[in-house]
Amino acid sequence: EALPGEEYLGIDETGHTDRGDPLWTWCFRAEEFVVFRVIDSRATQVLHDTLGRDYAGLISCDYFTVYRKFLKESRCLMQFCQAHLIRDVKFLITLPDPCTKRWANKLLKAIARLFHVIHRRAAMTADQWGRALRQAREQILRIARRPPATAEAQTLADRFRHHGRQYFMFLEHAGVEPTNNRTEQAIRFVVQDRKATQGTRGRAGQTWCQRIWSVLGTCRIQGRSAFAFIAQTIELSFKRR
C-alpha cells in the first residue's frame, strides 16, 4: 500500500520456480523498505497493479520492454541503469566488425569519464561538478548519435534516440543513482535462496516467501535484527488473541 506514494523506487525481477512452473519474483526497493511479490507474470500489468496508472514517482530499472511500456502508460519518470548499459556496450566490443568495436570503445570510454566525474564530487564545487557532468553527458550523446551501420550498433544507438534523457535523470534529481545497484543488492539473497531451495510448492509457500523476504530485506535496510522483529511480531500476535 505504501509503494504508490514513494517518490523514488528501484525495481527488478528474477525467475522463481513453483513445482516446476516458471513464476517471477518482483523486487520493489524504496528508501526505507523493500517489497517482494511472487507473481506468474512479467508483464507491465504487474506495475499497474502494484503502483497504479497514476504513479508519478521516479523508477530506477534496466531497459527491459516492460518498464519502457509503463513509462508510456503512466506519469512516472525513469532512470535506466548505466551498469546494464556498460555490459551491452562491452558486448559490442566482442563483435568481429572493426567499426562497431571502435565505436563501442569510444562510447565505453565516454561513460567511464562520466563515472570518473561522479567519483570526484568531493574535489569540486557544486557548479564545477554540475558542469563536468553535463559535458560528460553531451560527449556520450555525441558518440551515441553517430553509430556505424551495423544492426547491433544501430540498436544500441536507438536507445539514446528514444530514451537518451532516461539515462541521465540522476543529473536532474538529487538522490537518484545512475545505476540500479541498490535494488540488485536487495534481490541478491532471494536469488541465492532460490538456488538453495529450488523454489516453492504451492501458494502458501509463495506467500510465505514474499513476506519473509520483505521482512529480511527491510530489516537489513533499516539496520534492524530480523530475528528480533519476527519474535516481537509473534509475541504481539499472541497478545492480541
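1. Helices are DSSP runs of H or I with at least four residues, strands are DSSP runs of E with at least two, and both are numbered from the N terminus. By this rule, helix α9 spans residues 226–240 and contains Ile 230. The structure is a predicted model, in which local features need pLDDT of at least 70 and side-chain atom pairs count only at pLDDT 80 or more, while totals for chains, interfaces and linings use all residues. Residues are numbered from 1 along each chain as its sequence is written, and side-chain values use heavy atoms, with hydrogens and water left out.

2. On the overall architecture, the protein chain has nine helices and five strands. Read from the N terminus, their order is β-β-β-α-β-α-β-α-α-α-α-α-α-α. The C-alpha atoms fill a box of roughly 70 × 45 × 35 Å along the principal axes. A contact means heavy atoms within 4.5 Å. Among contacts between residues at least 6 apart in sequence, 57% join residues at least 24 apart.

3. The next point concerns burial. A residue is buried under 20% relative accessible area, exposed over 50%, and partly exposed in between, with a 1.4 Å probe and protein chains only. Of the 241 residues in the protein chain, 49% are buried. The chain exposes about 13,400 Å², of which carbon and sulfur atoms supply 52%; accessible areas come from the Shrake-Rupley method with a 1.4 Å probe, and for residues only the protein chains shown count as cover.

4. The buried ones are Thr 44, Val 46, Leu 47, His 48, Thr 50 and Leu 51. They pack against the strands β1 (8–18), β2 (21–29), β3 (34–39) and β4 (58–61), and against helix α2 (65–73). After α1 comes Gly 52, with a positive phi near 90°.

5. Which residues touch the most other members of the largest nonpolar core? A nonpolar core is a set of buried Ala, Val, Leu, Ile, Met, Phe, Trp, Tyr and Cys residues joined through side-chain atoms within 4.5 Å. The largest one has 56 residues, and Ile 11, Trp 26, Ile 59, Met 78, Leu 107 and Phe 160 touch the most other members. Helix α4 (residues 98–119) contributes the largest share of this core, 10 residues. Another core, of 12 residues, lies apart from it and includes Cys 27, Val 34, Val 38 and Cys 209. In soluble globular proteins, nonpolar side chains tend to be buried together.

6. Phe 160 illustrates the packing. Not counting residues up to four places away in sequence, Phe 160 touches Leu 85, Leu 107, Ile 140, Leu 141, Ala 144, Tyr 167 and Phe 168.

7. A disulfide is a pair of cysteine sulfur atoms within 2.5 Å, and the structure holds zero disulfides. For Cys 27, the nearest cysteine sulfur is that of Cys 61, 13 Å away. The sulfur of Cys 209 has its closest cysteine sulfur in Cys 27, at 14 Å, which is too far for a bond. Cys 27 is buried, at a relative accessible area of 0%, and Cys 209 is buried at 12%.

8. A salt bridge is a side-chain nitrogen of Lys or Arg within 4 Å of a carboxyl oxygen of Asp or Glu. The count comes to eight salt bridges. In one of them, Arg 159 pairs with Asp 88, with the closest N and O atoms 2.6 Å apart. This pair links distant parts of the chain, 71 residues apart: Arg 159 belongs to helix α6 (residues 151–163) and Asp 88 to helix α3 (residues 82–93). Arg 159 counts as buried because its relative accessible area is 15%, whereas Asp 88, at 30%, is partly exposed. Side chains of opposite charge can pair when their charged atoms come close.

9. Two further salt bridges may be noted. Arg 165 and Glu 172 form one, with the closest N and O atoms 2.8 Å apart; Arg 165 is partly exposed at 47% relative accessibility, and Glu 172 is partly exposed at 41%. Glu 235 and Lys 239 form another, at 3.3 Å between the closest N and O atoms. Both residues lie in helix α9, four residues apart, about one turn of the helix.
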